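Me: Could you take a close look at one part for me, the place where the two chains meet? I'd like it as one connected walk-through.

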Amino acid sequence: MDKQKTDFATVGKSELKVDGRGLVTGKPMFTADIDLPGTLHVKILRSPHAHARIVSIDTSAAEAMPGVALVLTHKNTPSTRYTTAGQGYPEPSPYDTRMFDTVVRFVGDRVAAVAADNPEIAGAALKAIVVTYEKLPAVLSIDESQAENAPVVHDEDDSTGIYDAKRNIVANIDILAGDVERGFAESDVIVETTCETQYAQHTPIEPHVVLSYLAPDDRLVLRTSTQVPFHVRRIVAYALGIPVRQIRVIKPRVGGGFGTKQEILLEGIAGLITLRTRRPTLIELTREEEFVSSRTRHPMRVRVKLGAKKDGMLNALEMEGISNTGAYGSHGLTVLSNTGSKTLPLYNKAQNVHFYGKAVYTNLPVPGAYRGYGATQGYFPLETAMDELAEKLNIDPVDLRRINHIRAGETSPIFVKLGEGREGVEQIIDSCELEKCIDIAAQRSGWAEKHGKKTRDGSWVHGVGMSVHMQGSGIPEIDMGAATIKMNEDGSFNLLIGATDLGTGSDTILGQIAAEVLGVPLDKIIVYSSDTDMTPFDVGAYASSTTYVSGTAVKRAAEKVREQIIDVASEMLASGMLASRMLQVDRSRLIITDKQVRTPDGKSVTLAKVCQQAMYIKDQFQIGATASGLMHQSPPPFMASFAEIAVDTETGELKILNYVVAADCGTVINPKMAEGQVEGAIANGIGYALTEEMQLSPTGGVRNPNLFDYKILGMLDMPPLDVVLVDSYEPTGPLGAKSIAEIGINAPIPTLANAIYDAIGVRLTKTPFTPEKILAALQAKNT
Amino acid sequence: MIDITLTINGEKRRFSVGAGETLLELLRREGYKSVKKGCESGDCGACTVVLNGRAVTSCIVFAAKADGGTVLTAEGLESGGVLHPIQKAFLEEGAVQCGYCTPGMEMATYDLLSHNPDPSAIEIKEALSGNLCRCTGYVKQVKAVKTAAKKIAGEAK
Amino acid sequence: MSRRQVTNYLRPSSPEEALTLLRNGGNSARYVGGGADVARTLPGDVTTLIDLCAINLSSIEEGADGIVIGATATLNEVLESESVARVCDGVIVDMMRKVGSPLLRNIATVGGTLASAHSWSDVIPLFLVLDAQVTLYNGEYRTLSIADLYASRREFVDSILTSVRIPASAAGDYAAFHKFSRTGYDIALLNCACYVHVVDGRCAQVRIAAGGTPRLAARLSQAEDTLSQAMLDNDTIERVARVAQDTAQTADDKRASGEYRKQLVYAGVKRCLREIAQKLEGGR
């Protein structure tokens, strides 16, 4: 039996981060914070061309330089094609990548790597490598990629899993529910909008970094800043052609990921260098390399067409997406799937739904997983179109959402038709407090008083905008996470989890779940995570899965351990060791609370004594268990997002005066951490909406590969942000919880786009909404 | 190589540094790993230390320039196993997510609070404007600085 | 970033010594103030750095003819200086607050800022309109206006910038600064600075400049002429701002288009003059 929410002792409390003390004192907890003697430093030679064949490559001068240990190129590395996407096996991304290839496909693609005694020597040796390229025609946009007779980005014959390589199509999706043609024909009002999103980057403050070394038993250890340690192990083993058992992956603290560290970029190279040289090897990307060569969000062009009846009820919904997946197909199919699957079920009143699209290769930087994972790109046109529809129908945009959004007890045909890269799973929504979210956020933002008022203050005009969202909680029937709990004789527990805390606080909240079930305070749970030798499997930190999927594993493991404790305790309580006379103990009535096992009549035994009994005294065994979380649903969190802005009609400058979000994430395991997830996602989303853009040169290079010119929000830019987590309980989730990590990033683009329209009557359909673009749109409207 | 003397976290030490070596490079190679590398161009603030009483991005300060100076890093805030009020406040307010920017933020806070013991929200935002964080949205960090100021004022009483 | 090419870091104790070291170092030597700029973008041929901060040049002194800021005073020292705060009702403080972040301002020096002369500099347009004078040493000391300093970059050759003097504010002196940037912690997409000396309600002296155009800050003389001898009413402000917009030499770069920058010149000049007009109003 689950405890009632009101009975929670540690869940629902803002417990301090279990790793917090080390972090605030600056302990050496991150990948590059340990020094190993004899470490090699690696620099990577990168392609200056968007598309070229390597005709020849001469590394002899570099190899001859004192201090150079090894130079890697396509000539002396495995030619296996694999995917860098750290996804479940078999990965739904094409195997189109070689460690070093004979063809380079974007500016920044890797050509060679030098390992040397220090970074300066490695850097100097890079310059001594002589490469002759044969430049090939490049495709530098979605449209060029899909033009007749376009150059083929992947013309090699050994890549697999590409939908149509000759036409540069990585993936193709087409799903239909009902009859959209008829749906539109029978609609009273139709709106259609097409929106484009830009190249943008995750910019974790810690760039990608890996330290590899040989353990005393000659096994390869990869200490790496990753979201997916178990996928790293599997993919590196495959790419290098060595057994999985030869590799141990350790994830120390990670300085932010947001999806970019769901990618196996450096581990294979570092591992190969260590295996060849037997020396520790460090690869740290510079900030510039992070921009040029790591991963980005998929830029997309997405068209949405809505048909509705006069009363506002949606009748037909069509979404067409075309996604630029850059030079390699990492996450190409699945991000595009999610553009539909994480957005369309929100408006399940539409019976006729069509989602189709493709992901295409270009010779541009390589997108991958990025918080929001396609949903961000889909919500922009969907929620813009809803705003337009509301205007056409003369219905308040808030009311239009209320009429159409999904509710508890309901389903959507999309759930079955469209999963992540394959068919989905039928699911009925068990928890949905979106209505309450809308109520609260509308009220706190002053929507009713402010919408449509266009209040002026000099050249500044005020506006308000809103949007609503859902995401998911893990990938149903694919994602699996496991947990092991073992008990110690002082009544503490080791919690061993494959789950990957990349700063989100998952170590802490998973510890809280264990503590709650085991009836102990959090400080009795010693959390250790993400070490492929020491912890059970987990897919890793992505798809908003950890709380729901890994949390379920922890809860199940804790329940098993609780049963074992009760077995031992009931015998102890009955045997008279602790009671003066024999007791009949009804084990079903024993409870664990406050570090004791208690009978209803007040007898108790401490957990420490229980473990000592099991460990040393009688029928000795290790109290402990392993359990897995595999979920058959992906309950969506929900969010309502409202913002008030002011736009300067002279300059196009935009100020966010107030931002309010209310979210339903089921039981809130740790309020401050959950709020932090929303606050961080909204901040990142505002940056994506307003300032962040990787600018590409006419030859495909990144023009602003630095934080000087790629502007993420700083402290001065953060508007007043009001985050409300509404009361909710997800019956399938651990102690009622579902996810919260990603959903917030979807909100700012449509919320701000709709607010801009409310203020100045201009619909912006291309992000970022820079002042220059806003002003140009305003001037175009006025002329 | 140039010989320099630095007092780091109260300890006077001599180093031999390269003429072009930055303070960030020196501190990290000498084991002060709280000082983080995020951009090496003064744009992100992860490497912030307090040099001669003022917060600076150590990635764009030459180590030789700091000769004779005093440096405080996050390692030097904790004393005898007791967290500094700034560290405590960051921990308690939930201002730490991945923690990579945290030591730098703490050092910027240290400079702020030693010159302005009761800063307003805008003063906090200005003081920490050069410390980028990608996880938090800064809401809880502004709060943490306020809490730290209160804790320090409380201790002084 | 590798800075291992640098083999000498010299800390002379006098301008004379610094000049000798520079002359000895030739093209491979560079002066360093705070060093932030040099550390960020070290030219490939530089092997000797000459740090000027050991010379006692960091004082900020207020005299009868103005405030003399030593070249190695950091931007934050300027920002926090009480005498600097008295210049035109704190306009230098307002500007400095928008330069980089405190972390940078604790490193960067006034001399280094003027010597680097970034086109987006916030310091230069304001110092231009405040008619600041710089003193340089090349064996002898010479003083020239900021405008003359940048008339050609030759003035910096074989010279050390030792101080900058900001004229003392008199009654009737007003100035304002406005910066447009992508985020709160950013360089200027464009910035504007305005100074007026008001006598009997009329603008007896006017200096208006725009920077980040994206060229180095320059005066907008036709806008100045339009305002000269006029009252600062709304119509005049509008007219001056339009002239500024029409006459400013702007261009495209990756951060903004020249056309948009013209619009920012308009808005920036307008905001500066409005701010001054409000101060005038308040002063009455």
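Reply: Chain A puts 47 residues into the contact and chain B puts in 48 residues, with contact meaning heavy atoms within 4.5 Å. Keep in mind that this is a predicted model, where local features need pLDDT of at least 70 and side-chain atom pairs count only at pLDDT 80 or more, while totals for chains, interfaces and linings use all residues. Side-chain values use heavy atoms, with hydrogens and water left out, residues are numbered from 1 along each chain as its sequence is written, and chains are lettered from A and ligands numbered from 1 in the order in which they are written.

Together, chain A and chain B bury about 3900 Å², and 59% of that sits on carbon and sulfur atoms; buried area here is the accessible area (1.4 Å probe) that two parts lose on being put together, summed over both. On the chain A side, A:Val24, A:Ile205 and A:Met715 supply 22% of the area buried against chain B, more than any other three residues.

There's charge pairing too: ten salt bridges link chain A and chain B, each a side-chain nitrogen of Lys or Arg within 4 Å of a carboxyl oxygen of Asp or Glu. One of them joins B:Lys33 to A:Asp35, with the closest N and O atoms 2.9 Å apart.

As for which helices of chain A take part, α1 (20-24) and α18 (671-690) each supply at least two residues to the side touching chain B, helices being DSSP runs (H or I, at least four residues) numbered from the N terminus. α18(A) gives the most, with eight residues.
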